[in-house]
Amino acid sequence: MPDSLIPDNLPVFLIFLSQILVVSVYLPLRRYKLRWEIFETHPVSEYPRYYPQTIEFERRRLTIGRNLPLFIALVGLGFFCLAWVSNYSQVTMTRVVLLFCMVQIVPVAMWEIWDAQRAHQMRAKDQSTTRKAELRVRHLSDFVSPLSITVAIVMYVFATFAMGYIYLNDLWSSDVRWKLPALLFVNALMVLGFGGLGVFHKLYGKRIDPYMANLDRMQRIAKGIKILAYMSIVYSFFILVLLSMQTFDLVLELNAIVTSIFYQAILAYGVLHAGEKRDFEVYREAVH
Amino acid sequence: MEIAIDTGVSEPVFAQLISQVKGAVLSGELEAGFALPSIRQLANDLRVNHNTVAKAYRLLERDSVIETRGHRGTYIHPDAKSNSVVDLSKKAADVLGSSVSTLRDSGLTDSEIRIAFTTVMKER
């Protein structure tokens, strides 16, 4: 038993608790409320195009989408209590926080897959013969400032250069130290790779929702691109902080804290901006 | 500017695109130097085959309504307004119409005219 009721790594414990409450309780409930309001204010009878499936099916998914994160939150709280009582070490807590990020992402990914399926079903049911498009070139800089793009690229190049410099000059004696920065670097590479593909698909790819108004579509594209740009900046910054800390033998407690804050912020941005006003008139049945 | 097509009408999609671009040039909605979206972007937005948009762009370029500046993109031609007035499809229809009338007057049947037209098109 620990001597004190307060664990040694209190900030990590607090950030873990915040991560559980924000990602698995607050954001899912908020998303549930937003969707429920849409279903209530836009009934199937008036907006049939919005419902490729029956309303019962949609509500069932909504309930699963709310309950699964809540279940994960309960498991997380159980872990939290166990870790508190057992006074988990800093390394173990860091692992728990990072692993729990992966568990918590499952319902988020599930929502994304459901939305993609929904859009696919909308396209399959779309019988209209008229299609519209904006006769205007879309550039990356229309959606995110050139400064943000420049900063993202410069930070990434700088992080890559810093890693290469440390490795080539053998500044770190132990190979173990490379594990986390290397993992993060690969992650950043994946974020950039998949993010780049995602940006390209958003800018020039097929329409996901066949009915969505052009303005709403542009807002969605802007949101996605902004998230990717900011994520890239923060990730590179995080790698640089980590490299500095390890080079100067500073405390590594910040690893879990920074990762968790970053994770919570990105997910919160996505959900909190989902409630923007959009044109639902396009989902009414076309009159022939 | 918004472009709209209807896949349920007999007029081909590429012809609808051409007439709308020319119409927008004549009305002043599209001015010389205006950058047009890429073939991929427009085809994906309209959910039509890329070749359809490519064909429309090719014909508009042939009529000097638009111009392609290498990899920099496609733009409205400086002389687009005057070139949009010339309707090559109408001109072809007029020439063919008068030829068909002449041939009919000389006693040829429609099927004979069609066979002759197909043969000529294959040869040239």
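In which hand, left or right, does H2(B) pass H3(B)? The views below take up this crossing and other close-ups of a predicted model.

**View 1. Packing of helices H2 and H3 in chain B.** Helix H2 of chain B spans residues 39-46 and helix H3 of chain B spans residues 50-62. The crossing of H2(B) past H3(B) is right-handed. On the H2(B) side the contact involves Ile39(B), Arg40(B), Leu42(B) and Ala43(B). These meet His50(B), Thr52(B), Val53(B), Ala54(B) and Tyr57(B) of H3(B). By residue class, the contact of H2(B) with H3(B) consists of 6 nonpolar, 2 polar and 1 charged.

**View 2. The open sheet of chain B, with strand order S2-S4-S3.** The sheet is built from 3 strands, and their pairing is antiparallel. Strands S2 (35-36) and S3 (66-68) of chain B are at the edges; each has a single partner strand, so one side of each has no neighbour in the sheet. S3(B) pairs with strand S4 of chain B (residues 74-76) over 3 bridges, in the antiparallel sense. Within this pairing, Thr68(B) has Thr74(B) in S4(B) as its bridge partner. H3(B) packs on the sheet and touches S3 and S4 of chain B. The direction of H3(B) makes about 105° with that of S3(B).

**View 3. Contact between chain A and chain B.** Here 14 residues of chain A are in contact with 20 residues of chain B. On the chain A side, strand S1 (residues 130-134) gives the most, with 5 residues. The side of chain A that touches chain B divides into 4 nonpolar, 3 polar and 7 charged residues. S1(A) pairs with strand S1 of chain B (residues 2-6) in the antiparallel sense, over 5 bridges. One of the bridge pairs is Ala133(A) with Ile3(B).

**View 4. Helices H4 and H6 of chain A.** Chain A holds 7 helices and 1 strand, and along the sequence they follow the pattern α-α-α-β-α-α-α-α. The view shows H4(A), residues 146-168, and H6(A), residues 214-247. Their axes come within 9 Å and cross at roughly 25°. At that angle H4(A) and H6(A) are therefore roughly parallel. The crossing of H4(A) and H6(A) is left-handed. Residues of H4(A) in the contact include Ile149(A), Ala152(A), Met155(A), Phe158(A), Ala159(A) and Met163(A). From H6(A), the contributors include Ile233(A), Ser236(A), Phe237(A), Leu240(A), Leu243(A) and Thr247(A). The residues of the contact of H4(A) with H6(A) divide into 16 nonpolar, 4 polar and no charged.

View 5. Gln264(A) is buried, because 20 other C-beta atoms lie within 10 Å. Buried residues make up 20% of the 288 residues in chain A. Leaving aside residues up to four places away in sequence, Gln264(A) touches Ser18(A), Gln19(A), Val22(A) and Val23(A). Among contacts in chain A between residues at least 6 apart in sequence, 88% join residues at least 24 apart. Gln127(A) is 137 residues from Gln264(A) along the chain, and 40 Å separates their C-alpha atoms.

Conventions
Residues numbered from 1 in each chain as written. Chains lettered and ligands numbered in written order. Predicted model: local features only at pLDDT ≥ 70, side-chain atom pairs only at ≥ 80, totals over all residues. Axes fitted to C-alpha atoms, helices over the stretch in contact; angles between N-to-C directions. Helix = DSSP H or I, 4+ residues; strand = E, 2+ residues; numbered from the N terminus. Left-handed = near helix turned anticlockwise from the far one by under 90°. Contact = placed C-beta atoms within 7 Å. Nonpolar A, V, L, I, M, F, W, Y, C, P; charged D, E, K, R; others polar. Pairing = 2+ DSSP bridges. Buried ≥ 20, exposed ≤ 12 C-beta atoms within 10 Å, placed from the backbone. Parallel < 35°, antiparallel > 145°, perpendicular 65-115°, else oblique.
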